[in-house]
Amino acid sequence: MKVLVTGGNGQLARAIAETWTGDELRRVDVEDFDLGTPGAAAEAVEAFRPQVVVSAGAWTAVDACEADPSRADLVNGRAVGWLGEACEAQGALLVHLSTDYVFDGHSLRPYLETDPAAPATAYGRSKLLGEQEALRAKEHLVLRTAWLYESWGNNFLRTMLRMAREGRSLKVVDDQFGSPTSCRALARQIRSAVDEGWRGLFHATCGGETSWYGFAREIFRQAGLEPALHPCTSAAFQRPAPRPGFTVLDNAKRLAAGRNLMPHWREALAEVLASGVED
Ligand SMILES: NC(=O)c1ccc[n+]([C@@H]2O[C@H](COP(=O)([O-])OP(=O)(O)OC[C@H]3O[C@@H](n4cnc5c(N)ncnc54)[C@H](OP(=O)(O)O)[C@@H]3O)[C@@H](O)[C@H]2O)c1
């Protein structure tokens with residue numbers, strides 16, 4: 001299968017490259033073209049003629065998006081529509097990645113796909129626009145995921161391990177809840193979903209839930225490290241874009257749709273740690 005992956009240098013794209021080994025993959029990123037340039041993605045799709053396009057490229061710097069919402073809307077929103085049109089012209093499936101940030105985080109139970117979206121940040125609003133654009137494509141699969149990490153890339157796991165190595169004392173928020181999700185588990189799930197012909201919008205995170213503090217504690221427990229680790233509230237960590245408090249995503253629709261390749265988050269973490277985390 002020929003697959004074009006945007007956001008090619010990102011953590012999820014690398015996981016796709018490492019797990020979709022039987023496919024002919026082309027990863028593209030900013031050095032190939034800017035997603036925000038009209039016509040650029042269409043040209044790449046036309047030239048490569050993929051059966052599947054994975055839209056993993058996004059401006060994921062949440063606080064920077066808050067300072068430039070129109071750029072966020074362009075890259076995370078309108079650009080997805082152009083990609084969808086290119087897929088349609090090519091007869092390709094568009095697989096688009098979205099986020100828990102489309103919700104405001106005030107729910108008292110895990111979010112369903114049918115719950116109304118109410119993003120509280122510019123990043124969340126731009127990603128919601130991207131979802132809506134993706135859903136217009138004739139053949140589409142939209143997966144909302146959350147709290148991604150890997151043994152490579154910019155993520156919480158690597159930040160925690162680096163700070164512990166540096167002997168730093170750590171304060172981690174204990175009032176934001178979600179489901180840590182390894183990119184490799186998500187990559188395997190996406191491949192299987194493509195094989196099984198899923199279409200529509202699905203939540204796709206690893207099982208279980210925890211706070212960032214709970215995630216940090218488990219990282220250090222499994223890694224056999226004992227840094228000074230303290231819980232704190234979000235109020236102690238003021239940021240330009242407010243982080244949602246509770247964005248656990250209900251995965252029942254995904255579990256009913258086909259094979260489940262996303263283990264409990266603790267199990268996924270063990271797999272990533274066992275494979276060795278890059279310094
Ligand atoms: N990370 C998470 O926790 C998380 C959670 C939920 C959903 N998601 C979604 O999952 C997908 C994959 O996330 P990820 O963590 O793999 O992201 P990532 O590591 O930040 O990778 C995204 C890639 O897209 C590139 N990019 C940014 N702006 C671009 C532009 N204008 N033109 C072309 N490329 C551009 C980035 O380049 P630069 O690094 O130079 O910006 C980066 O290489 C994204 O759609 C994201 O919104 C992520």
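Colleague: What pLDDT does the protein average?

Modeller: This is a predicted model, and the protein averages a pLDDT of 97. Of the residues, 100% score at least 70.

Colleague: Where is confidence lowest, and where is it highest?

Modeller: Confidence is lowest in strand β7, residues 170-173, with a mean of 96. The highest value, 99, belongs to strand β9, residues 181-182.

Colleague: Turning to the rings, how many aromatic pairs does a search of the whole structure find?

Modeller: The search finds nine aromatic pairs. One of them joins Tyr101 and Tyr123 edge-to-face, with 5.5 Å centre to centre and 80° between the planes.

Colleague: Why does that pair tie together parts that are apart in sequence?

Modeller: Tyr101 lies in the loop between β4 (93-99) and α5 (122-135), while Tyr123 is in helix α5, so the parts tied together are 22 residues apart in sequence.

Colleague: Are Tyr101 and Tyr123 buried or exposed?

Modeller: Both are buried. Another aromatic pair, Trp147 and Trp212, is stacked, at 3.6 Å centre to centre with 10° between the planes.

Colleague: Which parts of the chain does the pair of Trp147 and Trp212 link?

Modeller: Trp147 is in the loop between β5 (140-145) and β6 (148-149), and Trp212 is in helix α8 (residues 212-223); these distant parts are 65 residues apart. Trp147 and Trp212 are each buried.

Colleague: Which residues do ring pairs link into a cluster with Trp147 and Trp212?

Modeller: The cluster also holds Tyr149, Phe156, Phe215 and Trp265.

Technical notes: Residues are numbered from 1 along each chain as its sequence is written. This is a predicted model: local features need pLDDT of at least 70, side-chain atom pairs count only at pLDDT 80 or more; totals for chains, interfaces and linings use all residues. Side-chain values use heavy atoms; hydrogens and water are left out. pLDDT is the predictor's confidence in each residue, from 0 to 100. Helices (H or I, at least four residues) and strands (E, at least two) are DSSP runs, numbered from the N terminus. Rings of Phe, Tyr and Trp (its six-membered ring) pair if their centres lie within 6.5 Å; planes under 30 degrees apart count as stacked, over 60 as edge-to-face and the rest as tilted. Buried means under 20% relative accessible area, exposed over 50%, partly exposed in between (1.4 Å probe, protein chains only).
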